[in-house]
Amino acid sequence: MSPHAELVSRLRAAWLSGKTRPTEYRLAQLEALGRFLDEKKQDILEATAADMRKPPFEVEVSELSICRSELNHTLNNLGAWMKDKHVEKNWATQLDSAFIRKDPYGVVLIIGPWNYPINLLLVPLIGAIAAGNCVVMKPSEITRNVERLVAETLPRYLDEDCFAVVTAGVEETTRLLENKFDYIFFTGSSSVGRIVMTAAAKHLTPVTLELGGKNPCYVSDSCDVQNVARRVAWGRFFNAGQTCVAPDYVLCSAEMQEKLLPALREVITEFYGPNPRESPDFGRIVGDRQFQRVQALLHSGHTAIGGQTDAEERYIGEGPGRTAGGRGELQGGGPTRCGPRHPARQPSLSSLPTAPTVLVEVQQDDPVMQEEIFGPILPIVTVASVDDAIAFINARERPLVLYVFSSRKEVVKRVLERTSSGGFCANDTIMHMTIPSLPFGGIGQSGLGRYHGRSSFETFSHQRSALLRGAGRESLNTPRYPPYAPHRLPLLRAATETKRRATCLLL
Ligand code: NAD
């Protein structure tokens, strides 16, 4: 028997009792979640700092403020979202009531990743509570301070009959997934997404998969280079590049690259000072395994900016070069061809860094172009035209988001119309995430399903179709019963068939 079977059946019993259905109950749980965010703010700041030296400003913006917005948006609109949606009827059902009821699924499993460990656990939770479900949350074990904080304190705010936090590594999560859930919401890598979907398929459980991938960022020749550099660098180096919607690589002409490089260099210094390693605003790679993976991606093209790494501190980026061998040494530096690099010592598990880095002359078969970077490295790939950029994008898996920078509306429109991606944002990065009314999700390899705001509520609600007929007026039903009489067929058709609307060829 799966170790969490008892928990799941306890939650299912609570759900079947109908406890989570009333609007007041949902609102009370959401308000309690708001109190958790307010009262545990300092603990969240400390836990995220301990896990990956996340700058407090970034935690405020990307974890707390986004959760608060989502919560307020949901509290403001829940009553309207929950209303039955009455639908058009045919002639045969004119006297009846036909509507869509937003029904909770039941017991939902939410599995979160480590990069935004509060946001990516609580924003789906808000949707699941709003829709009237019971929830098992599984935070990432990688950000272990946040995991502990959530496991120890969140259950004190929520109804423990209906909401539970399970702490689990890979093995235990595999066992957890053996249970039958009514919905699984997963955020993480595409490879684990496949494992989750396979486990869900055994029970025919519906899933949302919020996955990653390589987000292209096309910079056209007509744009304000300084603004582009600031917006791209902010999106790329926020959270030390560990953001699913970060611009993964830039596509631009060789001429634009010439202008963009000095602008990026200037902006990186403006943001993080002459030595980003010392900046309190530049985070760290979350763990040793992730650091080694990101560091290996530096063996691509030429390093134009940054390139230094420090395994002790999990730092990758720019800073004064130091001699190899000592503790906290910086490896690499300056605009050099990146040769193979080997950390001088085994990195400690407590901390390690990588500096804001820009790579040029990157080839399509370089390591940095083979996988999602998920670190502070920005490769630039040159293309001859907007159509070349479109062909480059369309030859690859469909990304979570596609960015375009251009002051020419026709360029933005062309890229929007000729490509496919989970989301799209012109002349900025990441900002589309701040609007709860915009559905957020991937397509193809970058994910399945969408959430945020109303989309979260709908994701966690089954659209149950309901027809409430009167018990009498039986004579109206006789045309459909055997023995079938062909002369009644036209009447039956007229009563049930949907007619094509008249079209006017002149319009
Ligand atoms: P991950 O897939 O390694 O882990 C995510 C979760 O799955 C964790 O809770 C982990 O414990 C669990 N898990 C890991 N291996 C498992 C297995 N074999 N069986 C069952 N569960 C398992 O992802 P990560 O490293 O935590 O996060 C980084 C990835 O997540 C990146 O690819 C990033 O793009 C993606 N991501 C996507 C979004 C989005 O909204 N689309 C947001 C953040 C991160």
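Which residues are buried in helix 1? In this predicted model, they are A5, L7, V8, L11, A14 and W15. Burial here stands for under 20% relative accessible area. The helix itself covers residues 5-16 and counts 12 residues. From its first C-alpha to its last it reaches 16 Å, close to the 16 Å expected at 1.5 Å a residue. Its buried residues pack against four strands: strand 2, strand 3 (107-111), strand 4 (134-138) and strand 5 (163-165). Just after helix 1 comes G18, with a positive phi of about 90°.

Strand 2, one of the strands that helix 1 packs against, also belongs to an open sheet of 3 strands. The order in this sheet is 1-2-19, and the pairing is antiparallel. Strand 1 (85-86) and strand 19 (461-468) each have a single partner strand, so they stand at the edges, and one side of each is left without a neighbour in the sheet. Strand 1 and strand 2 (residues 97-104) run antiparallel and are joined by 2 bridges. Within this pair, K85 has I100 of strand 2 as its bridge partner.

Helix 2 (residues 23-39) packs with helix 3 (residues 41-52). Two packed helices are described by the angle between their axes and the distance between the axes. For helix 2 and helix 3, the angle is about 60° and the axes lie 4 Å apart. On the helix 2 side, the contact is made by F36, L37, D38 and E39. On the helix 3 side, K41, D43 and I44 meet them. The contact of helix 2 with helix 3 holds 3 nonpolar and 4 charged residues, and no polar ones.

Strand 9 (residues 249-252) is covered on both faces. In a regular strand the side chains alternate between the two faces of the sheet. In strand 9, Y249 and L251 are on one side, V250 and C252 on the other, and all are buried. Strand 9 has parallel pairing with strand 8 (residues 216-219), over 3 bridges. Y218 has L251 as its bridge partner in this pair. Between strand 8 and strand 9 the chain passes through helix 9 (residues 225-237), and this β-α-β crossover is right-handed. Strand 9 also pairs in the parallel sense with strand 15 (residues 377-382), again over 3 bridges. Here L251 stands opposite V381 of strand 15.

Notes
Residues numbered from 1 in each chain as written. Predicted model: local features only at pLDDT ≥ 70, side-chain atom pairs only at ≥ 80, totals over all residues. Heavy atoms only, no water. Axes fitted to C-alpha atoms, helices over the stretch in contact; angles between N-to-C directions. Contact = heavy atoms within 4.5 Å. Nonpolar A, V, L, I, M, F, W, Y, C, P; charged D, E, K, R; others polar. Buried < 20%, exposed > 50% of the residue type's maximum accessible area, 1.4 Å probe, protein only. Pairing = 2+ DSSP bridges. Right-handed = clockwise from strand over helix to strand, strands pointing away. Expected span 1.5 Å × (residues − 1).
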